[in-house]
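Me: I'm new to this one. Can I ask you a few things about it?
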Amino acid sequence: MPLYVDVALPVPLERSFTYAVNGDAPAVGARVLVPFSGQRLMGVVVRVHSDAPEPGIEIKPVQHVLDDAALLPDELMRLAEWIASYYVAPLGEVLRGMLPLNAEVRRTFLYRIAEQGKRVLYEGAEKGSSRRSKLSAEDQNKEYAVLNALENGAAMKLTSLRSATGAGKALLEGMVRKRWLSREVEADERDARRLEKIAVLVDDARLPKLNDNQMKILAELSAVGGRMRVSDLRELPVPPSTLATLVKRELVRIEEEPEAFHLGGVHAPGKKHSHEHLLNETQTEALAGIAASMSEGGFKPHLLYGITGSGKTAVYIAAMRRALDAGNAALLLVPEIGLTPAMAGQMHAAFGDEVALLHSQLSPDERAEQWHRIRRGEARVVVGTRSAVFAPVQSLALIIVDEEHDGSYKQEETPRYHGRDVAVMRAKLLGIPVVLGSATPSLESWNNAQTGRYALLKMEQRVMDRPLPQVELVDMRAEFQQTGADHIFSRRLIEETQATLDRDEQAIILLNRRGYSYVVMCRACGEKIECENCAIAMTFHKPVTGSDLHAEAGERLECHYCGYRRTVPKVCPKCSSEHLYYLGAGSQQGEERLAEIFPGARIGRMDRDTVRGRGDMQRLLQRLHSGEINLLVGTQMIAKGHDIHGVTTVGVVGCDHALGMPDFRAAERVFQLLTQVSGRAGRGDLPGKVLVQSYHPDHYAVRCAAAHDYEGFVRREVGFRRPFFYPPFGVLANVLVQSQELAEAAGWSNTLGRWFDRQTVPGVRVLGPAAAPVSRLKRIYRFHLLLKAQRRSDLQAALRGMLAEAERQGIPRKALVVDVDAISLM
């Protein structure tokens with residue numbers, strides 16, 4: 001009997017595709033390589049059956065089965081189906097996100113001439129090039145060379161086109177965007193094991209006459225027991241050919257072995273790890289609640305509300321120890337890669353080699369290696385960021401989501417899932433407890449606790465009875481009136497920081513903007529210099545050498561959305577005036593100004609410009625822990641989870657500008673950021689002090705943060721949200737309609753808007769369509785519609801009806817971004 005499989009492919013289509021099987025059928029959850037639209041793609045089997053296709057329909061065969069058994073267990077397959085349904089996302093794209101195994105599949109890009117490209121080539125031959133292009137004459141010639149190379153209709157690899165025409169990937173992708181070329185992808189299996197070469201001294205080999213360089217290598221090998229990594233041997237002051245000669249003469253042989261994985265971690269000298277402390281009364285009560293749920297079995301969500309410095313990490317570790325002692329495993333999610341080194345260090349100290357790490361700064365091969373360790377049961381403690389929620393943990397008994405309020409848990413590309421909510425659903429499918437921890441819980445989680453859906457655990461006492469820091473508000477309106485100048489740092493902040501440094505203590509200053517100045521404006525015509533790809537003002541960066549971790553590039557303007565850079569113009573691009581004005585202060589300017597005010601301070605900076613690579617955060621935090629840095633300035637990266645006992649003073653500069661953003665969550669975000677960064681002060685033996693500079697010192701978010709009054713903030717905030725049915729009193733989805741053509745994006749959004757007007761979907765209110773707040777991003781024009789409902793079923797029905805209408809109207813699925821439970825409305 002012929003067998004068929006339904007395969008979910010990573011394409012923006014809400015359906016699976018049927019293929020024939022020659023031989024043994026692959027398991028549901030296994031990966032296969034299949035032909036699709038002229039490409040060879042990797043997909044996941046979602047169904048095996050013998051249902052014959054309709055007459056006349058040709059079924060293509062599976063080309064290659066990558067896995068002997070299901071790579072995804074049944075519970076993860078069910079979780080993927082739930083994500084696809086809840087977030088209205090194609091199942092194939094969900095499964096692609098669940099499998100961090102791209103390293104095991106070699107992807108080859110192929111390019112083929114499209115109809116538009118043939119017309120351009122024909123017109124160029126008949127009439128000559130008009131040269132009406134932003135590209136240089138050289139790049140235009142390369143484009144025509146590419147079209148000529150592809151004229152026969154055959155596809156060519158990227159490497160072959162580069163060799164034949166000199167065109168790079170950026171130029172080819174530009175031709176794809178202009179629809180001159182089509183791009184295809186071929187997928188093939190590859191070996192992703194990380195291996196390193198080891199030089200081994202051959203025993204009992206007869207030594208011929210050797211030169212000095214050869215003797216140096218043999219002596220080095222002999223001194224370390226006869227085995228040494230080739231990469232270490234390369235550091236000896238001898239020519240690279242010397243080792244090859246010794247191998248050829250059979251005095252040394254080269255072996256391969258798995259490369260070691262370094263977990264990393266940050267720890268202050270002399271400071272105890274979290275698991276080494278005895279739990280206090282509130283920690284013990286919280287642990288008892290979690291442990292009781294683990295003993296009883298079954299799904300039980302907990303919200304652990306613990307003020308900053310209350311010792312939530314120690315409770316996490318103790319609960320995870322309970323899971324391991326019972327022969328099970330535990331999963332811990334953290335919101336940012338920046339928090340991972342510190343948490344990884346704590347976990348390694350508590351659980352040793354049973355810890356696995358998953359985050360996006362691992363290389364593809366490292367991610368695949370860690371994923372397989374977890375799947376084989378070699379790692380029973382998994383620590384990672386958002387996507388680690390899909391880790392194939394064996395005998396999983398506990399899931400913990402640290403800083404559950406953090407927006408980083410929301411994926412900003414399809415599938416746009418929320419890591420916290422997926423963690424809760426995974427725990428429900430497995431029938432295990434899940435713990436959501438935060439000092440500033442999201443209003444959605446707090447409402448779930450207040451309505452009894454979550455069990456509420458409170459930790460309102462800092463460890464060792466340390467006091468919460470005293471918070472002082474500095475009214476920057478009064479500061480300007482008294483000084484007559486607009487300074488970055490107020491007199492009180494400078495005074496308090498100087499006193500802190502004089503006491504040989506440490507200070508942190510939050511300045512939540514990257515770069516030097518975040519707007520460059522012409523004083524003559526008022527024009528802002530915007531990115532050529534995005535409707536966003538470009539940020540000015542000054543050249544800096546000898547900074548903490550990187551020497552930065554020369555003076556430049558940079559778009560923090562798409563990464564586009566350009567030199568600073570001498571005159572205004574619009575009116576040619578020379579009077580360009582730099583507005584706003586970023587962390588780079590803050591660092592420069594602090595160096596002028598405190599010339600003796602040991603200043604460090606923490607932002608995306610200084611923390612680029614995987615080890616940068618670890619090195620910077622180590623310098624802070626050791627006291628090498630006594631004054632740290634940075635963006636919100638400094639606010640999250642860091643436990644530096646020497647920090648007694650925290651300054652907050654310019655964070656209340658977010659209150660003016662067109663986002664109903666603006667006040668909640670400001671409160672959370674102020675509370676979290678305040679919590680970095682006074683975590684050691686000395687009390688802490690926080691100074692918050694604000695132009696809105698009377699706003700309830702600022703006032704409640706200064707008073708450490710979370711519940712007071714909630715009472716005020718829900719009063720604004722409840723009447724308008726904003727979460728947690730309703731559900732919403734943001735639908736983005738996007739295209740490279742403005743008229744196309746506007747037309748499609750109007751088509752969908754008129755459909756909603758005609759349908760009058762019950763229980764759903766539709767706002768828009770309107771241009772998105774960021775109306776153009778990476779050369780894509782964006783319009784959006786905001787859907788609000790009281791019942792999730794009504795919202796889901798409206799979204800699926802909209803997608804069906806879009807298909808009827810010929811609107812491509814990839815032009816629609818459906819963001820259920822949207823965190824950002826920009």
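Me: What span should helix α4 have, and what do its end C-alpha atoms show?
Reply: This is a predicted model. Helix α4 covers residues 137-149, and at 1.5 Å a residue its 13 residues should span 18 Å. The end C-alpha atoms are 18 Å apart, which agrees.

Me: Which residues in α4 are buried?
Reply: Gln140, Glu143, Val146 and Leu147.

Me: Where do those buried residues fall, seen down the axis of α4?
Reply: Within an arc of 115°, so they line one face of the helix. In general, an α-helix has 3.6 residues a turn, so residues three or four places apart point the same way.

Me: Changing topic. How many disulfides are there?
Reply: The count comes to zero. Cys559 is in none; its nearest cysteine sulfur belongs to Cys531 and is 3.8 Å away.

Me: Next, Val389. Where is it?
Reply: Val389 sits in the loop between β15 (381-384) and β16 (396-401). Its relative accessible area is 0%, so Val389 is buried.

Me: What does Val389 touch?
Reply: Leaving aside residues up to four places away in sequence, Val389 touches Leu331, Leu333, Gly419, Val422, Ala423 and Arg426.

Me: How far apart are the C-alpha atoms of Val389 and Ile399?
Reply: They are separated by 8.7 Å, and the two residues are 10 residues apart along the chain.

Definitions and conventions
Residues are numbered from 1 along each chain as its sequence is written. This is a predicted model: local features need pLDDT of at least 70, side-chain atom pairs count only at pLDDT 80 or more; totals for chains, interfaces and linings use all residues. Side-chain values use heavy atoms; hydrogens and water are left out. Helices (H or I, at least four residues) and strands (E, at least two) are DSSP runs, numbered from the N terminus. Buried means under 20% relative accessible area, exposed over 50%, partly exposed in between (1.4 Å probe, protein chains only). Contact means heavy atoms within 4.5 Å. The expected span of a helix is 1.5 Å times one less than its number of residues. The arc is that of the directions from the helix axis to the C-beta atoms. A disulfide is a pair of cysteine sulfur atoms within 2.5 Å.
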